[in-house]
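Open the model in your viewer and keep the selection tool at hand. The tour goes from one stop to the next.

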Amino acid sequence: MNSAKKLDLQFEIKSMGVSYYAPLLVILLGIIYVSFSSSVDVIRHTSNLIEFVICPFAAWWSMYLFFDYYEDRASEVLFSYPLSSFFHGIIRVTSFFIFFLIGFFILLVTITLRYPDISIMDISIIYIPQTILYSYLGFTLMVLSRNIIFPLLLIVGYIAMKYWTMESNLFPVYNVMSFSFDMEVSSKITSLSIQNIVIGIILATIGHVILSKRKI
């Protein structure tokens with residue numbers, strides 16, 4: 001708790017520079033699309049936009065929080081502060097994930113206001129677990145590689161592969177996405193969402209262990 005009180009969000013945001021605004025911009029574009037699109041397939045397109053673009057951006061801040069640590073070789077100084085690796089890792093990542101979640105939830109509410117037949121509970125169950133997984137995936141990949149290019153390429157490559165193959169088993173890799181083009185929950189999607197949350201927790205644990213063991 002004492003460590004959490006020492007979190008300087010303004011400093012963290014300034015450290016990220018213009019990169020900080022990328023997730024907010026993507027969420028804003030999603031809100032604009034939902035609000036003004038007149039496409040007959042708007043629900044399907046919105047689902048694709050959320051799963052293949054917006055949800056993965058939950059990893060953005062998780063990675064850029066460590067950019068100065070590793071790219072500017074500042075980790076030795078930062079880890080010398082009287083704060084735990086739990087603070088440097090999970091607390092910082094989770095704090096910014098909550099920021100992302102607030103903006104993301106505004107997008108989900110916008111969808112339900114625009115299309116009243118869609119349930120806020122359903123789309124929360126479908127999409128929020130995906131953001132949890134991506135957030136801690138970005139954290140783990142970043143502390144593992146200590147280079148932002150690797151996690152970025154891996155996540156972008158995964159998204160591209162899943163977009164072009166959709167639900168095909170051509171590449172038997174775990175599906176984070178629900179492919180719920182009607183935005184309705186089924187037992188299969190509920191099971192997937194639980195798996196995404198569990199995997200997200202496992203990734204957070206792995207990232208914490210790597211950070212605490214390595215130190216720099």
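Select Glu-12 and Arg-92: the two form a salt bridge, with 3.0 Å between the closest N and O atoms. The model is a predicted one. This pair joins distant parts of the chain, since Glu-12 lies in helix 2 (residues 9–16) and Arg-92 in helix 8, 80 residues apart. Both Glu-12 and Arg-92 are buried. The structure holds one salt bridge, and this is the one between Glu-12 and Arg-92.

Next, select helix 4 (residues 42–54). Its end C-alpha atoms span only 16 Å, whereas a straight helix of 13 residues would span 18 Å at 1.5 Å a residue. Colour its buried residues: Val-42, Thr-46, Ser-47, Asn-48, Ile-50, Glu-51, Phe-52 and Ile-54.

Stay on Ile-50 and show its surroundings. Leaving out residues up to four places away in sequence, Ile-50 touches Cys-55, Pro-56, Phe-104, Leu-107, Ile-111, Tyr-127 and Met-183.

Now widen the selection to the largest nonpolar core, which has 57 residues. Those touching the most other members are Ile-50, Phe-104, Leu-107, Ile-111, Tyr-127 and Tyr-134. Among the helices that each supply at least two residues of this core are helix 3, helix 4, helix 8 (85–114) and helix 11 (187–214). Helix 9 gives the most, twelve residues.

Last, go to the surface and select Leu-25, Leu-28, Leu-29, Ile-32 and Phe-36. Together they form a nonpolar patch with about 520 Å² of accessible area.

Notes: Residues are numbered from 1 along each chain as its sequence is written. This is a predicted model: local features need pLDDT of at least 70, side-chain atom pairs count only at pLDDT 80 or more; totals for chains, interfaces and linings use all residues. Side-chain values use heavy atoms; hydrogens and water are left out. Patches are made of residues with over 30% relative accessible area and no salt bridge: like charges are joined within 9 Å, nonpolar side chains (Val, Leu, Ile, Met, Phe, Trp, Tyr) within 5 Å. Accessible areas come from the Shrake-Rupley method with a 1.4 Å probe; for residues, only the protein chains shown count as cover. A salt bridge is a side-chain nitrogen of Lys or Arg within 4 Å of a carboxyl oxygen of Asp or Glu. Helices (H or I, at least four residues) and strands (E, at least two) are DSSP runs, numbered from the N terminus. The expected span of a helix is 1.5 Å times one less than its number of residues. Buried means under 20% relative accessible area, exposed over 50%, partly exposed in between (1.4 Å probe, protein chains only). A nonpolar core is a set of buried Ala, Val, Leu, Ile, Met, Phe, Trp, Tyr and Cys residues joined through side-chain atoms within 4.5 Å. Contact means heavy atoms within 4.5 Å.
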